[in-house]
Amino acid sequence: MIKCIIADSIKRVTKGFAEKIELDRVCPGLFEQVCKDNNWEFKLSDYGYNGWEVDWWAEIVTDSNTITIEGCMYYGTAKLTLSNG
């Protein structure tokens, strides 16, 4: 179920239906699996993971746009926004 929510959220941001979407109970591995299933590219930032809250950053490249993700594994949250560049 969570994979469907993630995929739907990515599609909504990509198509411009939402400016940003915040998700709970997610981790980078789930995003990576969803991207693999949909033939999208998942790129974890060179920063990797940061601090005791395990902050992380990534990009998802779809057929039409790039989504930026800012996440925190301690809280299990992620914010998806359309990349500006």
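This short talk covers the salt bridges and a nonpolar surface patch in a predicted model.

Some ground rules. Local features need pLDDT of at least 70 and side-chain atom pairs count only at pLDDT 80 or more, while totals for chains, interfaces and linings use all residues. Residues are numbered from 1 along each chain as its sequence is written, and side-chain values use heavy atoms, with hydrogens and water left out.

Salt bridges, then. Side chains of opposite charge can pair when their charged atoms come close. The rule here asks for a side-chain nitrogen of Lys or Arg within 4 Å of a carboxyl oxygen of Asp or Glu. The count by this rule is 2 salt bridges.

One joins lysine 20 to glutamate 22, at 3.5 Å from N to O. How accessible are these residues? Buried means under 20% relative accessible area, exposed means over 50%, and partly exposed lies in between (1.4 Å probe, protein chains only). Lysine 20 is partly exposed at 46%. Glutamate 22 is exposed at 55%.

Lysine 79 and glutamate 70 also form a salt bridge, at 3.9 Å from N to O. Lysine 79 is partly exposed, at 27%. Glutamate 70 is partly exposed too, at 41%.

Now the patch. Which residues make the nonpolar surface patch? Leu44, Tyr49 and Met73 do, over about 260 Å². Patch residues have over 30% relative accessible area and no salt bridge; like charges are joined within 9 Å, nonpolar side chains (Val, Leu, Ile, Met, Phe, Trp, Tyr) within 5 Å. Areas come from the Shrake-Rupley method with a 1.4 Å probe; for residues, only the protein chains shown count as cover.

Leucine 44 is partly exposed, at 32%. Leucine 44 lies in strand β2, residues 41–50. Strands are DSSP runs of E, at least two residues, numbered from the N terminus.

Note on methods. Helices (H or I, at least four residues) and strands (E, at least two) are DSSP runs, numbered from the N terminus.
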